[in-house]
Structures are given as C-alpha cells and as structure tokens.
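This report describes a protein chain with its ligands, going from the annotated domain to the helix contacts and then to the ligand surroundings. Please keep the structure in view while reading.

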Amino acid sequence: MSTADTQYLNIVENILARGYYANNRTGVPTYKLPHQIMQFDLAEEFPILTTKFVAFKTAVKEILWIWQLQSNDVRELQKMNCHVWDEWMRPDGTIGKAYGYQIRKYKQVDKLLDMLRNDPQNRRMIVSLWNIEDLPDMALQPCAFQTLWDVTDGRLNCMLIQRSGDMGLGVPFNMTQYAVLIHLIAQSVGLQPGLFTHVINNAHIYENHVEALKTQLARRGEAMDAPKLVIAKDITDFYAFTPDDIALDNYRHLGKLPMEVAV
Ligand SMILES: Nc1nc(=O)c2c([nH]1)NC[C@@H]1CN(c3ccc(C(=O)N[C@@H](CCC(=O)O)C(=O)O)cc3)CN21
Ligand SMILES: O=c1ccn([C@H]2C[C@H](O)[C@@H](COP(=O)(O)O)O2)c(=O)[nH]1
C-alpha cells in the first residue's frame, strides 16, 4: 500500500479530530493544524494518492509552467489545457510577479542546476519564491514557496516548505508535482532521487471539503500500491522535458472526489 495515502490521511484525520476552527482570507472557514510533515524516499515510492484520483498530468503541467517555462502567464497554462489558475488571472492574463516570475527574475533554476553539477556540497542551494519587495504585486502569494536541496551519497534530497496547504485540493497536487520535479532535476544532473520532505506550516481543510475527505478516509483500507513514475530516459536537459515525457505506469485509484476551490 502507498505510504502517500497513509501519511496524507493521517494528517487529514488529525485535522478533523483535533483541528482548530478558524476563518481566513477566502471567507470559507477551515479546520487547521500547524507544522504537518510528510517524508518520502523517492527511491522506494512515487508519492501519489490512490484513495482518490489525482489529476497527474494537470499537476505536472503546473509545475513545468512554474519551474521550466518560468512563466506567470495563465494563458500559457490554458494552452496546455490546464485551468487551475483561471480564478486568479488578472486582466493582463498573468498572476503578477508570482511563482515562475520569481524563478526567471533571478535565474534560480539555472543557478540550482549549475551548483548541483559543479558544487554539490554547497549548502546554499535554495530556490525561493518569497520576494518581500514584490509581494504586493502578486495575485496570490506563493504557498509552496521554498525548496532546499542537498546531495548525499549520490542522491538528490529536497525539502519543500509550504506556508499554507489546502489538504483537499492543493496538497495532493503539491506532493506529487514536487516529487516529479525532484526526479526531473535528478535525471538532469546525473543523481538518483532521494528524500522528499514536505513541511506544511498551516495545514487546513476547508469546511466544504469535510464530507469528501471523510469519504476518502473511509477508503483507507482499500488503498493500493503506488504507481511507477516513468520518465523518458534519454533526456538530461531539464528544459527539454515535455508533459508527454512524464507518465505513470499502472496508476490505480479509487476515483474522483470533486471539491470546490476557495478563491
Ligand atoms: N484555495 C486554494 N486552494 C488551492 O489548492 C490553490 C489555490 N487556492 N489557489 C492557487 C492554486 C490553484 N490550485 C488548484 C486549483 C484547483 C484544483 C482542482 O480543481 N483540482 C481538481 C482537478 C482539476 C483538473 O482535473 O483539472 C481535483 O479534483 O484535484 C487544484 C489545485 C492550487 N492552489
Ligand atoms: O500550491 C498551492 C497553492 C495554493 N494552495 C492553497 C493554500 C490556501 O488554501 C490557498 C492560499 O490562500 P492564502 O490565504 O494565501 O494562504 O491556496 C495550496 O495548498 N497549494
């Protein structure tokens, strides 16, 4: 059985049992717990939920939009038939100086790839989307805003810091898409994927997601083995991967659980 389901559903169960009820910016109240952590050994398992269907290709397109295209233009994402950012699009078609904009602005991915290849024991390998000066100019301030990278024993390890995690919609995407990202970066620099540690500062469940997540909890006993991630083997240029080069082998799951996104 997939440990992604176990770790994720343990957090969901804890929030439902002991979460603090509070309102927030969106007006849809949440149950929340601070400092929730998941950790996956990517050599052992690809983390994706099986207790519900996760839109894998959509999640992959979003992470490539941010890290590879380094774009803030929602229309680029729409061209790939991905609509998860539609609600935050400004009249100019962008999300302002958020996400991909901050990677491009400082060539953060190029610098990361260069350090991983040429100075892997560097302890300053951080990609941060949190730019204090530009925060007022973002349609949404980045949630999964920082990654810290480490190379140990030929393995690429990554810690993702997420300030705010929507357990129903955002987190299932984030855990899977950052796992894909680590695999892609590892393959690009000739390392094996290692630990992926996912830290969520404010882990919350929107009130209108509670029923769907209870349904998912009830499926726990039927969780299945994780699928295998299959990436085109010949590609070592991070910028050359396309969504078609990234697939899941044998993704079995227990079906969709639609939830409404709080804007
Ligand atoms: N409240 C909130 N939660 C989020 O997770 C979130 C935001 N806002 N704002 C920015 C992005 C947009 N995100 C989203 C938005 C929608 C889905 C969503 O509707 N997912 C569906 C499938 C979508 C599809 O198939 O294309 C799902 O069932 O997971 C997921 C992530 C994540 N982020
Ligand atoms: O990658 C993402 C992006 C967004 N979210 C969620 C977390 C919150 O529910 C909202 C953002 O609202 P804030 O008031 O700015 O925290 O979006 C996510 O989980 N993952």
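In this predicted model, the end C-alpha atoms of residues 7-263 lie 27 Å apart. The span is 30% helix and 24% strand. For these residues, an unreviewed UniProt entry lists "domain: Thymidylate synthase/dCMP hydroxymethylase".

**Helix contacts**

Two packed helices are described by the angle between their axes and the distance between the axes. The table gives these values for two pairs.

| Helix pair | Angle | Axis distance | Crossing |
|---|---|---|---|
| α1 and α7 | about 130° | 11 Å | left-handed |
| α2 and α6 | roughly 60° | within 9 Å | right-handed |

Helix α1 covers residues 3-18 and helix α7 covers residues 210-218, and they pack at an angle of about 130°. Angles from 65 to 115 degrees count as roughly perpendicular and those over 145 as roughly antiparallel, so α1 and α7 are oblique to each other. On the α1 side, the contact is made by Leu9, Val12, Glu13 and Leu16. Helix α7 brings Val210, Leu213 and Leu217 to it. Sorted by class, the contact of α1 with α7 has six nonpolar residues, no polar ones and one charged one.

The second pair joins helix α2, residues 56-67, with α6; their axes cross at roughly 60°. That angle makes α2 oblique to α6. From α2, the residues in the contact are Phe56, Ala59, Val60, Glu62, Ile63 and Trp67. From α6 they are Phe173, Thr176, Gln177, Val180 and Leu181. The classes here are eight nonpolar, two polar and one charged.

**Ligand surroundings**

Which residues surround ligand 1? They are Ala55, Thr58, Val84, Trp85, Leu140, Asp166, Leu169, Gly170, Phe173, Pro258, Val261 and Ala262. This shell has nine nonpolar, two polar and one charged residues.

Around ligand 2 are Asn24, Arg25, Leu140, Gln141, Cys143, Ala144, Ser164, Gly165, Asp166, Gly170, Val171 and Asn174. Strand β5 (155-166) and helix α6 (170-189) are the elements that give two or more residues to this shell. By class, the shell around ligand 2 has four nonpolar, six polar and two charged residues.

Leu140, Asp166 and Gly170 are listed around ligand 1 and also around ligand 2. Phe173 is in the shell of ligand 1 and takes part in the contact of α6 with α2.

**Annotated binding site**

The unreviewed UniProt entry also carries the annotation "binding site", which covers Asp166 and Ala262. How are these residues placed in space? They are spread over 97 residues of sequence but cluster in space, with a largest C-alpha distance of 9.3 Å. Asp166 is found in strand β5. Both Asp166 and Ala262 are among the residues around ligand 1.

Definitions and conventions:
Residues are numbered from 1 along each chain as its sequence is written. Chains are lettered from A and ligands numbered from 1 in the order in which they are written. This is a predicted model: local features need pLDDT of at least 70, side-chain atom pairs count only at pLDDT 80 or more; totals for chains, interfaces and linings use all residues. A residue is near a molecule or strand if its C-beta atom, placed from the backbone, lies within 6 Å of it. Helices (H or I, at least four residues) and strands (E, at least two) are DSSP runs, numbered from the N terminus. Ala, Val, Leu, Ile, Met, Phe, Trp, Tyr, Cys and Pro count as nonpolar, Asp, Glu, Lys and Arg as charged, and the others, Gly among them, as polar. UniProt positions are given in the numbering used here, feature names are shortened, and annotations may be inferred rather than shown by experiment. Axes are lines fitted to C-alpha atoms, for helices over the stretch in contact, and angles run from 0 to 180 degrees between N-to-C directions. Angles under 35 degrees count as roughly parallel, over 145 as roughly antiparallel, 65 to 115 as roughly perpendicular and the rest as oblique. A crossing is left-handed if the near helix is turned anticlockwise from the far one by less than a right angle, and right-handed if clockwise. Two residues are in contact if their C-beta atoms, placed from the backbone, lie within 7 Å.
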